[in-house]
Amino acid sequence: MNKRTILAQAGARRDPRTGAISMPIHPSAAFRHSALGQSTGFDYSRTSNPTRQVLEETVAELEGGARACAFASGLAALDAAMSFFSGGDRIVATEDLYGGTFRLLERFGRARGLDFIYLDTSDGAAVLGALDQPGVRGLFVESPSNPLLKVADLKTLGAAARARGLLFVVDNTFLTPVLCRPMEYGADIVVYSATKYLGGHNDLIAGLAVAASPELGERLAFVQNAVGAILGPFESWLLLRSLKTLDLRLARHGENALAVARFLQGHKAVSNLRYPGLESDPGHRILSEQTDGFGAMISFEVESRAKAERVLSGVKVFMFAESLGAAESLVTFPVFQTHADMDEGLRTRLGITDRLLRLSIGLEDKDDLIADLEAALG
Ligand SMILES: *Cc1c(COP(=O)(O)O)cnc(C)c1O
């Protein structure tokens, strides 16, 4: 079935008893058995819940994976993916990761005995070299990366991971399964912060992890039940509802982002503009070949920290806030917000400076967004 049809009918036809078109919310913690050995398939909602299960099945179908698990947040989903590794394993990872992911790997991954080799995963040759280092068991890629929007060649990396028998994990939060399906390029696990585009309304914290094979899916579900960082039934329903408009929303997000990026491209106060939808961007060619769109995240530098602060306080349509992927356009100051936990030396080397701003382009009228930036940039 086409993904637009899967999305539009997310949760529909799933309650034969009543015919409800909107999937009912089942808050029940436990489920009654009529006799020993007789179960509806549900026992206890940490293990499985009817509303959450419909969300998980819808996402697995959308992604083309064997099984999806819904978690309380994107970081809980990432933590579940990391639990596939054990002490002594080394994992090659994108260096400019989402700050919270970086903190998870450094503070908890290392405590579990994992070792991480961070590098620019848009540099294919560097990644291939690192994969051959002793002890490497996995490859973890965020693409486009955050906040520098560097694009990884998933096809080349997936083939290299497969040839070496490595677990390939992709954080596809910025593109969603509507624009990019990493499993087509060999990803074993795809992870989302569903708080972002999948939720899309700034009213929900949620995460998803999707496994390519039934074996990996079973392990993921084991971790979900054993650790218990599950998504509740109300949030599961809200996310199902959000999915219905995902395709439409992404089309508008992308159209607006391209218009804003083109405006910024010609602005004298803007430097180091990154938006892979621009033909001049280093990530443009790979995304053109491997995805159905470029997303709606933009980053750029201004001349000074003072200027960046003036933009943050000067905007009237954009809001200065720390998230992305929803209807409302947001501007973020990564060095003090999303990436505050990253070591300063590493931040400077990566180019996450106190002059770098990140935009999440929302669903407003594009001319209003451009006029707002024009006024704030001065
Ligand atoms: C926000 C985000 C996360 C973390 O997700 P939460 O839902 O906030 O826990 C992980 N990866 C990326 C790319 C993100 O943007």
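**Exercise 1. Thr 176**

Task: Is Thr 176 buried or exposed?

Solution. Thr 176 counts as buried, because its relative accessibility is 0%. Buried means under 20% relative accessible area, exposed means over 50%, and partly exposed lies in between, with a 1.4 Å probe and protein chains only. Next, locate the residue. Thr 176 is in helix H7. Helices (H or I, at least four residues) and strands (E, at least two) are DSSP runs, numbered from the N terminus. Last, check the backbone. Thr 176 has a positive phi of about 65°, although it is not a glycine.

The model is predicted: local features need pLDDT of at least 70, side-chain atom pairs count only at pLDDT 80 or more, and totals for chains, interfaces and linings use all residues. Residues are numbered from 1 along each chain as its sequence is written, and side-chain values use heavy atoms, with hydrogens and water left out.

**Exercise 2. Asn 202**

Task: Where is Asn 202 found, and what is its phi?

Solution. Start with the place. Asn 202 is in the loop between E6 and strand E7 (207-211). Now the angle. Its phi is positive, about 55°, and Asn 202 is not a glycine. Asn 202 counts as partly exposed, because its relative accessibility is 38%.

**Exercise 3. Arg 181**

Task: Which residues does Arg 181 touch, not counting those up to four places away in sequence?

Solution. First find the residue. Arg 181 sits in the loop between helix H7 (176-179) and strand E6 (189-193). Then list the partners: Lys 3, Leu 62, Glu 63 and Asp 292. Contact here means heavy atoms within 4.5 Å. A polar atom of the Arg 181 side chain lies 3.3 Å from the backbone oxygen of Val 178. A polar contact is a pair of N or O atoms within 3.5 Å; within protein, one must be able to donate a hydrogen and the other to accept it, and residues adjacent in sequence count only if both atoms are side-chain atoms. Arg 181 counts as buried, because its relative accessible area is 17%.

**Exercise 4. The ligand**

Task: How many residues surround the ligand?

Solution. The count is 15, and the closest are Gly 74, Asp 171, Ser 193, Thr 195 and Lys 196. A residue is near a molecule if one of its heavy atoms lies within 4 Å of it. Now take the polar distances.

- Thr 195: a polar side-chain atom is 2.7 Å from a ligand oxygen.
- Ser 193: a side-chain N or O atom is 2.8 Å from a ligand oxygen.
- Leu 75: a polar backbone atom is 2.9 Å from a ligand oxygen.

Then look at cover. On its own the ligand has 380 Å² of accessible area, and the protein covers 94% of that. Accessible areas come from the Shrake-Rupley method with a 1.4 Å probe.

**Exercise 5. Two cis bonds**

Task: Which peptide bond is cis with omega near -10°, and which is cis with omega near 10°?

Solution. The bond from Ser 143 to Pro 144 has omega near -10°. The bond from Asn 146 to Pro 147 has omega near 10°. Now place the prolines. Pro 144 lies in the loop between strand E4 (136-142) and helix H6 (154-163). Pro 147 is also in the loop between E4 and H6.
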